[in-house]
Each structure stands twice: as structure tokens, then as C-alpha cells.
Amino acid sequence: MSNLSQSLSLRSRSVRRWWLRDVVGSVDHGEVVARVRAEGGWNGHYAFMTLMSGGIAILGLLLSSPAVVIGAMLISPLMGPIVALGFALATFDSEEIYRSLVALGLGIVLAVGFSVLIVLVSPLQTVTAEIAARTRPNLFDLLVALFSGLAGAYSMVRGRHGAIVGVAIATALMPPLATIGFGIATANGTVFAGAGLLFLTNLMVIALASAIMARLYGFGHTLSPEQTRLQATLIAITFLGLGIPLGLALKQIAWEAVASRQASETIKNQFGDDARIADLQINFAAQPVVVTATVLTPRVVADAERNAGKRLIAALGQPVRLEIDQLRVGSGDADKSQVSAARNASVNLAPARLAEKLALAGGVGIEDVLIDADHRRAVVRAAPLGSADLASFRELETRIAASEPNWKVEIVPPLLALPPISFDREGELDAAGAEAAAVAGWAARRLGLPVTLSGGTPALRETTAKALGLPDESVTMRSGGAALTIEWSAPSAP
């Protein structure tokens, strides 16, 4: 054991000498520091490109177009101040830390502010799949940020910095920034908070990864001006400020990873070895946590959902709603190809399940349901269903959307009479009136039709129009009788 320890110690010292002599010694530290400082400050080019990148990013998110979002990354200048911050932390340069934070902070304000303006004037204000994907940090987001920070610092050290590394860093930061702007513009606290946490987590990981890489390449306090005790304390506080939120985010990410593994194992234990989990989705943001799984099994297990649900609640220590879809397939060597084909087609199982729900709710055939798997959007134009009114169809849409949290679900109702609007004695919408206005506004948006408000006082018509939440051009107001009525605008009136 002693000989082994001595051997390992010798090898370790040998590797260290090689690293310091052949790797660190080959780096022109002064030139790298000068280049980092030159690219990490605030200037007109940085401001303009940040505005353009933020604008393209928010448009890509609103259109749910990954290609447009990637286009925004090609021009984003965020790499400079982020890597500069990491190098400043590594060299304990308080002046450069302040300078890079100012540039980064102003860039954040520009990107978020421009995104807010675009969303406010845009007719598209729906939470798309691309926006929803930027509202919760997960392990893969963290890894993207980590590798981006390491690549950014390495490219600066080796003088190979360029657009590709900048794209990697921007990918982790610019879409969350644009999503923050969307959350502010639409007053959506969930989107704002989720995107803010993702941005902060990615920013901290990239900055700390850059600092670690810089230290490995020999960038230390000797490359910065002499620091006072106060400056050193402020730098230590900066490290602490980055580390605490990152630690909390890592704790949540680690818990979600463990929960995902426990969910998979718990569900699989309800079936035999010849069963496979084809699709597993977990919505950690829901209360309770929603777990949806599709299992390929040669035998249907009657109590699998109930038994697995109880065990999963006990394992996670919090309420869980579990839904298991069992798809029966053959077993044995003769049926392995069938199981393999079903597993390869597992991405189509969730859309098929959703199509069945919407077809039943809309009273139409499955072939009449529009499924956009790329954008995770499902639409059905419903047929009249007995005495069902517009409120009934809206409730059906709400329930199906809640059961499929990763999809945007839309039910286009039949052209039915709009519900009457009621008011209290003060001329304000009462509870029933507010609900009726919400239903009418929803139906008008789904059908794409204008409405007409007739009668009542001008104040009542204004109050109702505002409650509908429709564009001004979609609402016509006319004087008439004492009572206010709402109808479809001609010639589309039922």
C-alpha cells in the first residue's frame, strides 16, 4: 500500500510538472487578459447586437420556431462579459469584475426591455412550447451551461474564440432572457420566475466554469492590480453570492433526477421483465406532481396504477398523480420486432392518447383532430353536443389541457349563442358576469370572430369589452336598449 501511494504521488507530481511547464507555460497570460478585457466591456456594437439578438429570440419564442431562436444566437455578444467575469474572479480583479458586471447588467436590461416591447405590440401572446421549455432549469440545461463556460474560457485562453462558442453561451442565456421579457409583458409570474431562475443558474454556472478553467491555466492574483482587503472581501462575497443560489438550484435539479429514477423503477416493478416503459413524463411544477407513463407489456396489470401511485407517494414524500397507459404487445422472440417497433414509435403514443381525448370531447373522429407534434399543439373543431353550451366546451378544454401539461390544447367550439352578461348594483361585473365574459372572449378567440355589444350605458359596454380581453377591432359597441346584450357580429351571427 505504501509503494502504491508513493507511485501515485510521483505520477501526480509528474503530471503537475508537465501541466505547468508544457501547458500553462505555453500561454501568454498578459495577451489573454488584454483580449478578455477588450471583449468584455460595454460599447455601441455590444448594445446594438444585444438588442437585435433579444428581438430575434423573442420572435422565435412567440412563433415557437427553434430555427429563429438559433438565428438569434448567431449574433448574440454575451460571451464577452460572461467570460470576462470568470477571468476576473480567477485573477481577483475587482475593477474588471465591476466592469464586466456593468456590461452584463446593461445587456440584460436591453434584451429584456426590447423583448417586453415586442410582446406588448404582438398579437401572439400565448405560452408556446419554446417558451415553456425555458421556465424550469433541469440537468441538461445545467450541462449546456457548464460545457459552454468551459468552452468559452478555453477558446479565450487558446486564442480560438469565435462565433460557435458564442452561440453555445448565448443558447444558455438569451432565450431565458427573452422569456423573462415575455413573462413581464404578459404579467405571467410563473413564466417570469421560471425563466429568471434558469437564466440565473446558467449565468452562475458559465461564470464559475470560466473561472475554474482560467485558474487551471494559471490565471491568478499576480495578473491583477494589488487588491485591498475590502476588495478581496467583496470578491469573496461575489463568489458566495454566485454559489448559494447555484447550490439551491442544484439541490432541486438533483431531487428531480432522483425522483425521475424512482418513478421509472416504481412503475417498472409493477410489470415483468418483458415489459418496457416507452414514455415517461413528469410535471414537477404541477400540484400535485403529475407522472404520465406509457408501458409496453404483454400482460395488462389491473392494479398497476394504484399500487405504483401509493409507492411513489411514499418514496417522494409528497402527493403524486400517476397515470399509466398500458399498451399490450406480444412476448417472446417472435414478437421482439413488434416490441421494438412500438418502442420506436413511442413518441406517437402521447399524441394518439391526446387525439382520442379531443375526438371524444369534440364529438368527431380522430382523423378530425389536428396534432402538431413538433410544436406540441393539438386542435379540434367540435361538433354540437346536445345541450352543451360554450362554457361546457371551455371546461372540457381546461380539463384536457390539465391532463396533458406539455401540450397546448385548443377546442374550437361550434357557433353557439354567447352567454348573457350580468352586473351588480354598482355597475360592475358580478361573478356570473365575469365568468360569462371570460367564456365569450375565449369563444371569440377560438373561432376568430368579432362580437357586438349592444345596449346598456357606455360605461357598461366599456367594462364588458375590457373583460372580454379581445383586440379593439374585434368588438363593436352600439347603443340600444337599457339591458346590455352580446352577440356575434353580422354576418356570422347564429
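Tutor: Glu96 and Arg99 both lie in helix α6 (residues 94-121), three residues apart, which is about one turn of the helix. Helices here are DSSP runs of H or I with at least four residues, strands are runs of E with at least two, and both are numbered from the N terminus. The model is a predicted one, in which local features need pLDDT of at least 70 and side-chain atom pairs count only at pLDDT 80 or more, while totals for chains, interfaces and linings use all residues. Residues are numbered from 1 along each chain as its sequence is written, and side-chain values use heavy atoms, with hydrogens and water left out.

Student: What do the side chains of Glu96 and Arg99 form?

Tutor: They meet in a salt bridge, with an N to O distance of 3.2 Å. The term requires a side-chain nitrogen of Lys or Arg within 4 Å of a carboxyl oxygen of Asp or Glu.

Student: Is Glu96 buried or exposed?

Tutor: Glu96 is buried, because its relative accessible area is 7%; buried means under 20%, exposed over 50%, and partly exposed in between, with a 1.4 Å probe and protein chains only. Arg99 has 34% relative accessibility, so Arg99 counts as partly exposed.

Student: How many salt bridges does the rule give?

Tutor: The count comes to eight. One of them joins Glu395 to Arg399, whose closest N and O atoms are 2.9 Å apart. Those two residues lie in helix α15 (residues 390-403), four residues apart, again about one turn of the helix. Glu395 is partly exposed at 38%, whereas Arg399 is exposed at 58%. Elsewhere, salt bridges that share partners join Arg377, Lys408 and Glu410 into one network.

Student: Which residue meets Glu323 in a salt bridge?

Tutor: The partner of Glu323 is Arg321, at 3.6 Å from N to O. Arg321 is partly exposed, because its relative accessibility is 34%. Arg321 is also the bridge partner, in β3, of Val290.

Student: How do β2 and β3 pair, parallel or antiparallel?

Tutor: β2 and strand β3 (residues 320-328) pair in the parallel sense over nine bridges; pairing requires that DSSP find at least two bridges between the strands. The chain crosses from β2 through α12 to β3, and this β-α-β crossover is right-handed. Right-handed means that, with the strands pointing away from the viewer, the path from the first strand over the helix to the second runs clockwise.

Student: Where does Arg299 lie?

Tutor: Arg299 is in the loop between β2 (289-297) and α12 (304-316), and is partly exposed at 44% relative accessibility. Leaving aside neighbours within four places in sequence, Arg299 is in contact (heavy atoms within 4.5 Å) with Phe271, Gly272, Asp274 and Gln326. The C-alpha atoms of Arg299 and Phe271 are 8.2 Å apart, although 28 residues separate the two along the chain.

Student: Switching to β9: which residues are on its covered face?

Tutor: In strand β9 (residues 485-488), Ile486 and Trp488 make up the covered face, and Thr485 and Glu487 the uncovered one.

Student: Why would faces alternate like that in a regular strand?

Tutor: In a regular strand, side chains alternate between the two faces of the sheet. As for the partner of β9, strand β7 (residues 451-454) runs antiparallel to β9 and is joined to β9 by four bridges. Leu453 stands opposite Ile486.

Student: Which residues form a nonpolar patch on the surface?

Tutor: Trp42, Tyr98, Val102 and Leu106 form one, with about 410 Å² of accessible area together. Patch members have over 30% relative accessible area and no salt bridge; like charges are joined within 9 Å, and nonpolar side chains (Val, Leu, Ile, Met, Phe, Trp, Tyr) within 5 Å. Areas come from the Shrake-Rupley method with a 1.4 Å probe, and for residues only the protein chains shown count as cover. Leu106 is in helix α6 and is partly exposed at 37%.

Student: What about the backbone of Ala187?

Tutor: Ala187 has a positive phi of about 55°, although it is not a glycine. Ala187 sits in the loop between α9 (163-185) and α10 (189-216) and is exposed, at 69%.

Student: And the overall totals?

Tutor: The protein has 17 helices and nine strands. Of its 494 residues, 43% count as buried. The protein exposes about 24,900 Å², of which carbon and sulfur atoms supply 60%.
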